[in-house]
Amino acid sequence: MPRPAIELFQKTFGTTPGAAASAPGRVNLIGEHTDYNGGPVLPIAIAARTNAAIGPGAPGESGVLEAVSTRYPIVSRVKWQEELPSGWVAYVAGVLRELWSFEAVPFDGSVRVAITSDVPIGAGLSSSAALSVAVAKALAPNLSARQVAGVAFRAEHDHVGVRCGVMDQTISALGKPDHALLFECASLAATQIPFGARLLLVDTGKRHDLSRGGLNERRAECEAAVKRLKIELPELQWLASWPAEWLPRLKRALREPLRSRAVHVVSETARTRFAAQLLQQGKLRQFGKLLYESHESCRRLYECSSPELDTVVSAAKRAGALGARLTGAGWGGAAIVLVNKTDQKTVPAIQRAFEGAYGRSAPISEVKASAGAHTERV
Ligand code: ADP
Ligand code: MG
């Protein structure tokens, strides 16, 4: 029950909301920067959630969105059909615009929204998808989980202008307790795989903002690589569809930095599918090795790591953890560490290494695969 969002709504607008929903953040186990390249990803939904309470706008007003969030406590008012607001309200307006095209906007388009969340922003846990999926689910509770994911994806991608893939919104909408989701981003095939291992999340405390910077640059590089590779393989649509056994040919065809970016995407695609098989078979130790390989590929080839993330992963490896890697695009944010249930050494080893290097601590928490978006009783 998202009481805080309901209370924020009441406190801000002086009325009771008409509906509420919540959606989780996510941690991607493996499959980094494969999503927008049409490859597979293997995320879990986490316990941290964003709550959205919604209700009709003031009487007599049409097409006005009023939105408030504990993170941005001043109420924003926008005519969302006329202009796309900047900042966080763009996510909410983007969802409204998408629902508009389905003719599924409630309350004649005059909407009030209150948001509370315990998903940290810019920590690689996808606070943006938790926000857009929670809002979409609250506004259109009858859409299927897939439809909600689609609305939230297009809100973020087409309206806010973040060149994200479909992973974040999909896992936030489809997540299942004690399961990871193998999601093929080109075919949209989704397979739930049991996941009950002990997973640590290490927050480096370095924030990223994906609406600018590294992510958009990497996407442009991947597109440039596909364009060049189409000379070799005219039917190539997605970089991730390049056959892994043709890596030598890919290396000959591309110059740096496109070569390294493409080698990462193609090898990470094969690694992720193999990792999902290993998980199915309960082979955690081999699965963990692939996490280390993924991190190394992100660091060296995709150049999306950071010194803080590298410190965490190296310390985990030295302490004997099963696996570790950056998660959620990189350039700061969080790392995951897979450990045995009885492991006592890894947490203090990471803390020592991190404090030694940066003079501050990195919060470490355990994450559990949790439920996806659902409506909440008001
Ligand atoms: P993340 O990795 O956390 O998704 P992004 O840069 O993709 O990072 O998205 C963060 C943006 O999402 C914030 O800058 C803000 O605009 C929006 N956002 C996320 N959570 C909230 C929230 N609880 N309230 C308001 N805006 C939010
Ligand atoms: Mg995001």
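This is a predicted model: local features need pLDDT of at least 70, side-chain atom pairs count only at pLDDT 80 or more; totals for chains, interfaces and linings use all residues.
Student: Which strands of domain 1 supply at least two residues each to the side that touches domain 2?
Tutor: Strand 1 (19-28), strand 2 (40-41), strand 7 (179-184) and strand 8 (190-194).

Student: Back up a bit. Where are the bounds of the two domains?
Tutor: Domain 1 covers 3-194. Domain 2 covers 201-367.

Student: And how many Å apart are their C-alpha centres?
Tutor: The C-alpha centres of domain 1 and domain 2 lie 26 Å apart.

Student: What area is buried between them?
Tutor: About 3000 Å². Carbon and sulfur atoms give 63% of that area.

Student: Which residues in domain 1 lose the most area to domain 2?
Tutor: I30, E32 and R163. Together they account for 22% of what the domain 1 side buries.

Student: How many residues touch on each side?
Tutor: In domain 1, 35 residues are in contact with 44 residues of domain 2.

Student: How many salt bridges are there between the domains?
Tutor: The count between domain 1 and domain 2 is two.

Student: Changing topic. What does E184 pair with?
Tutor: The side chain of E184 meets that of R273 in a salt bridge, 2.8 Å from N to O.

Student: How many salt bridges are in the whole structure?
Tutor: A search of the whole structure finds 20. One of the pairs is E366 with R198, where the closest N and O atoms are 2.8 Å apart.

Student: Which strands does that pair tie together?
Tutor: E366 lies in strand 12 (residues 364-367) and R198 lies in strand 9 (residues 198-203), so the pair ties together parts that are 168 residues apart in sequence.

Student: Is R198 buried or exposed?
Tutor: R198 is buried, with a relative accessible area of 15%.

Student: Which residues are linked in a network of salt bridges?
Tutor: E217, R218, E221, R261 and E303. Take R218 and E217 from that set: they form a salt bridge, with their closest N and O atoms 3.1 Å apart.

Student: What are the relative accessible areas of R218 and E217?
Tutor: R218 has 6% and is buried. E217 has 46% and is partly exposed.

Student: Now E303. Where is that one found?
Tutor: E303 is in the loop between helix 9 (284-302) and helix 10 (307-318). E303 is partly exposed, with a relative accessible area of 45%.

Student: What is E303 in contact with, leaving aside neighbours within four places in sequence?
Tutor: R218, R261, C298 and W331. P257 is 46 residues from E303 along the chain, and the C-alpha atoms of the two are separated by 9.8 Å.

Student: What about R259 and E256?
Tutor: R259 and E256 form a salt bridge, with the closest N and O atoms 3.8 Å apart. R259 is partly exposed at 29% relative accessible area. E256 counts as partly exposed too, at 46%.

Student: Let's do a helix. How many residues does helix 4 have?
Tutor: Helix 4 (residues 145-160) has 16 residues. From first C-alpha to last, helix 4 reaches 21 Å, close to the 22 Å expected at 1.5 Å a residue.

Student: Which residues of helix 4 are buried?
Tutor: V148, A149, G150, V151, A152, F153, A155, E156 and H159.

Student: And what covers the buried residues of helix 4?
Tutor: The cover includes helix 2, helix 3 (127-139) and helix 5 (167-174).

Student: What comes just after helix 4?
Tutor: G161, which takes a positive phi of about 95°.

Student: You mentioned helix 3. What about S127?
Tutor: S127 is in helix 3. S127 is buried, with a relative accessible area of 15%. Not counting residues up to four places away in sequence, S127 touches V119, P120, I121 and G122.

Student: Last one: where does S110 lie?
Tutor: S110 lies in the loop between helix 2 (89-101) and strand 6 (111-117). At 4% relative accessibility, S110 counts as buried.

Student: What lies 3.4 Å from a polar atom of the S110 side chain?
Tutor: The backbone nitrogen of V64. Leaving aside neighbours within four places in sequence, S110 is in contact with V64 and others, including G55, P56 and G57.

Terms used: Residues are numbered from 1 along each chain as its sequence is written. Chains are lettered from A and ligands numbered from 1 in the order in which they are written. Side-chain values use heavy atoms; hydrogens and water are left out. Helices (H or I, at least four residues) and strands (E, at least two) are DSSP runs, numbered from the N terminus. Buried means under 20% relative accessible area, exposed over 50%, partly exposed in between (1.4 Å probe, protein chains only). A polar contact is a pair of N or O atoms within 3.5 Å; within protein, one must be able to donate a hydrogen and the other to accept it, and residues adjacent in sequence count only if both atoms are side-chain atoms. Contact means heavy atoms within 4.5 Å. The expected span of a helix is 1.5 Å times one less than its number of residues. Domain bounds come from an automatic or database domain assignment. Buried area is the accessible area (1.4 Å probe) that two parts lose on being put together, summed over both. A salt bridge is a side-chain nitrogen of Lys or Arg within 4 Å of a carboxyl oxygen of Asp or Glu.
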